[in-house]
Amino acid sequence: MRKSRGLLLACSLLLAGLTAGCGRGTDDAGGIKTVHIYQFKVEISEALAKLKTEFEKEHPDIRLEIQSVGGGSDYGASLRAKFSSGDEPDIFTIGGNNERDMWLEYLEDLSGEAWAKDVKPLAAEQMTVDGKLYGMPMNLEGYGFIYNKDLFKQAGITQKPLTLTALREAAEKLKAAGITPFANGYQEWFVLGNHNVNVAFAQQPDPESFIAGLTDGSKKFAGDPVFSRWLDLLDLTVEYGNKNPLSTDYNTQVTMVASGEAAMMQQGNWTQGQIDGINPDLNLGILPMPMDDTPEDNDKLYVGVPSNWVVNKFSPVKEEAKLFLDWLVTSETGKRYITKEFQFIPALDSIKGTEEDLGTLGSEVLEYTDKDQALTWNWSRLPNGMPQELSSSIQGYLGGKLTKEGMLKEFQVNWDNLSVQ
C-alpha cells in the first residue's frame, strides 16, 4: 500500500511538471512577471518581506510572491501537495542528498550561474550530481544546546559541561537555583526527528556507512552502543526539563530561553533573530551535546546546509527566478540581507560576515567549523519520511507508550518499510 501511494504521488508530480508552463508565471497587468517562491525558514519571513521590497524597487518588471511554511508545519508534505495540485512554485527550497534526488526531474541546472564557483565545497556536495550543481545553498547552520551564560554563572557553573556527567551536574545546580535547566520543544517533529536523533547518527564512526548498513541489514538500531548513549542524553533533558515537553512547540521553547525562564535548549544559530527580538542583551553561547564522559569526542557541534534554493525547470519565468537568486548573492543589498538581516553564516566564499553580523551564536558555529569540530547532518540521507517516523516513535517513548526497546524496534520496522524501493 505504501508503494502504491508513492507511485501515485510520483505520477502526480510528473503530470504537474509537464503542465507547469500552463498556469503560472504569466504576465500580470503592465507586463510585470511574478516569481512565486515557496520556502521553509519561517524565522526569516519578515526579513524576506523587506528584501522583496528592495528587489522590486530595483526590478520594477518583476514581482515576488513569497510563502513561508515551516516551524510546526510539514514543509515537505505541503510542497508535494502544491506540485500535485499544479500550483507549483518557480523557486522553492529543498534539502540535499535524498531530497535532491527526489526532486531532480524538476530542478534547473545552475552550474553555469556566475555565483556557482563561489559555493563552499561542503555546501555544494549535497546538491551536486554528476558534476552539476542543482541548488544554491541558503547558508551554513549549526546546533547544540544554546545556553544562557548569565544563568550558568548565577547557578555557580564555571566551566562548559563537555561530558554527560558534567551536564547532569550543571542541571542539578540550575535546578537548585530555581532555574529550569532545559526548555524542550518536543512537540515539534523536526526537533526530535531531524536534530536530536541526528546525534546518534553523526557520532557513528562512519555515519554514511552506518546508514547504508541499516538499509542492507548489516546494521541494526537495537544493540547499537551509540544509540544507547544517545538515549542517556535524551533522558537527561527530560529529567531536568520543562513540564509537558510533548506539548511545547518551537516558539514556546525559544521564548522560555529568551525570557530567562530556562537556561538551555536544543536549537541552533537560526534562533538568534527571534531571541534578539525578545531580549537583545541576552548573553548566549552554544554547548555541545555530550552523550558520554569522553570530552574529546563530545566537544563538537552539528553543522550543515539546512536548505537550498532551487529553480523549477518547467517554470515559464525561470530566467527571472535565476536573476533573483543571482541578485541575492552578488548585489550589495542581497549580501547585506544574508549576513545582517537573516544573520546567515554564508555558504559562498564571496560573502563575508562579521561577528556583529552573524550574532554570538553564528560566530560560535563558525568557530567550531573552522576548528574542524563539526559533525554532520544526516537526516537528508535517511529514507524519505523517516525523520517524521523517528520523531513519532521518540514521542511515543517520552509519553510512556513505548519502552526503549520498543522504540528502537519501531525505528527498525519503519526503516525497513521506507527503505524498500
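Biologist: Before we look around, what are the helices and strands here?
Modeller: Helices and strands are DSSP runs, numbered from the N terminus: a helix (H or I) has at least four residues and a strand (E) at least two. Keep in mind that this is a predicted model.

Biologist: Okay! So where is His59 found?
Modeller: His59 sits in a loop, the one between α3 (45-58) and β2.

Biologist: Is His59 buried or exposed?
Modeller: The relative accessible area of His59 is 16%. Buried means under 20%, so His59 counts as buried.

Biologist: And which residues does His59 touch?
Modeller: Leaving out residues up to four places away in sequence, His59 touches Leu323 and Trp327.

Biologist: Let's zoom out. How many helices and strands does the chain have?
Modeller: There are 19 helices and 13 strands. The chain's radius of gyration is 22 Å, close to the 22 Å from the globule rule for 421 residues, so the chain is as compact as a globular protein of that length.

Biologist: What box do the C-alpha atoms fill?
Modeller: Roughly 65 × 50 × 35 Å, taken along the principal axes.

Biologist: What share of the residues count as buried?
Modeller: Of the 421 residues, 53% do. As for contacts with a separation of 6 or more, 75% of them are between residues 24 or more positions apart.

Biologist: How many positive and negative side chains are there?
Modeller: The chain has 39 positive side chains and 60 negative ones, and the centres of the two sets are 2 Å apart.

Biologist: Back to β2. What order do the strands have in its sheet?
Modeller: It is an open sheet of five strands in the order β2-β1-β3-β12-β6, and the pairing is mixed. The edge strands, β2 (62-68) and β6 (136-137), each pair on one side only.

Biologist: How many bridges join β1 to β2?
Modeller: Seven, and β1 (residues 33-39) runs parallel to β2.

Biologist: New topic: how many residues of β9 are buried?
Modeller: Seven of the seven, spanning residues 262-268, so β9 is largely enclosed by the rest of the structure. β7 (residues 141-148) runs antiparallel to β9 and is joined to it by five bridges, while β8 (residues 180-182) pairs with β9 in the parallel sense over two bridges.

Biologist: Which residue in β9 is the bridge partner of Tyr147?
Modeller: That would be Met264. Met264 is also the bridge partner of Phe182.

Biologist: Last one: where is Phe152 found, and what is it in contact with?
Modeller: Phe152 is in helix α7 (residues 149-154). At 4% relative accessibility, Phe152 is buried. Setting aside neighbours within four places in sequence, the contacts of Phe152 include Tyr147 and Met264, along with Leu174 and Leu287.

Definitions and conventions
Residues numbered from 1 in each chain as written. Predicted model: local features only at pLDDT ≥ 70, side-chain atom pairs only at ≥ 80, totals over all residues. Heavy atoms only, no water. Rg over C-alpha atoms; globule rule 2.2 N^0.38 Å. Buried < 20%, exposed > 50% of the residue type's maximum accessible area, 1.4 Å probe, protein only. Contact = heavy atoms within 4.5 Å. Lys, Arg positive; Asp, Glu negative; His and termini not counted. Charge placed at Lys NZ, Arg CZ, Asp CG, Glu CD. Pairing = 2+ DSSP bridges.
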